[in-house]
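Subject: Structure handover

Hello,

Here is the structure I said I would pass on. My notes on it follow below.

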Amino acid sequence: EDYFYLSHIFKEQLIDLDSIKNLKVKGELTAYEFLKIQRFFTLLQHMFSRQMFKDYKIPDELVYRSNIPAFAEDQIYDLLGMFVPEDQITDFFEIASWEPADSKLLDIQYHPFIFVDGFYLVSLSLFARGNILRNLYAAEYKNNNPNILSNGESDPISEVLKYAFEQKGYP
């Protein structure tokens, strides 16, 4: 499953695994850490869904789309801290979360974690199955984050497309 998922992302984003590992999104946080965090929540999604189906006999599709757990802030930091340093977790939540006091628009696709009263709520199916790299690029591009651009000034996809069109004779 991971192989096909990553193959799709690499093709769609015109990026490879080494680039993902080296692409610093904020501070020391890389796109690779985003993928690791997403994979962790994919595992939680499977575990929650399986248990809910077993206990309540709710149809799979409904269970799969209905998991919205609330994690206390210290609890989620402890969980993610097993494989991501704390400063990178903080950077992750600065990008991937929204709270009522934020001036940024709530778009659950780009900010799948909602922070309210000391708890992070997340739609597991949305975050686990979303194209996290595409969403990361889109959200951070809107925020003018120079780290997501190959040289801090130009969009790498635009450069590839320009070259492809020029090779085919289009000005």
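Two strands pair if DSSP finds at least two bridges between them. Strands themselves (E, at least two residues) are DSSP runs, numbered from the N terminus. This is a predicted model, in which local features need pLDDT of at least 70, side-chain atom pairs count only at pLDDT 80 or more, and totals for chains, interfaces and linings use all residues. Residues are numbered from 1 along each chain as its sequence is written, and side-chain values use heavy atoms, with hydrogens and water left out.

Strand 5 and strand 6 run antiparallel and are joined by four bridges. Their hairpin has two residues between the strands, and aspartate 117 takes a positive phi near 50° there. Valine 116 has phenylalanine 119 as its bridge partner in strand 6. Strand 6 is also joined to strand 3 (residues 70-72), antiparallel, by three bridges; here phenylalanine 71 is partnered with tyrosine 120.

Histidine 111 lies in the loop between strand 4 (97-98) and strand 5 (113-116). Is histidine 111 buried or exposed? Histidine 111 counts as buried because its relative accessibility is 7%; buried means under 20% relative accessible area, exposed over 50%, and partly exposed in between (1.4 Å probe, protein chains only). The histidine 111 side chain reaches the backbone oxygen of isoleucine 95 at 3.0 Å.

Isoleucine 108 is found in the loop between strand 4 and strand 5. With a relative accessible area of 36%, isoleucine 108 is partly exposed.

Regards

How values were computed: Polar contact = N/O pair within 3.5 Å; in protein donor to acceptor, adjacent residues only side chain to side chain.
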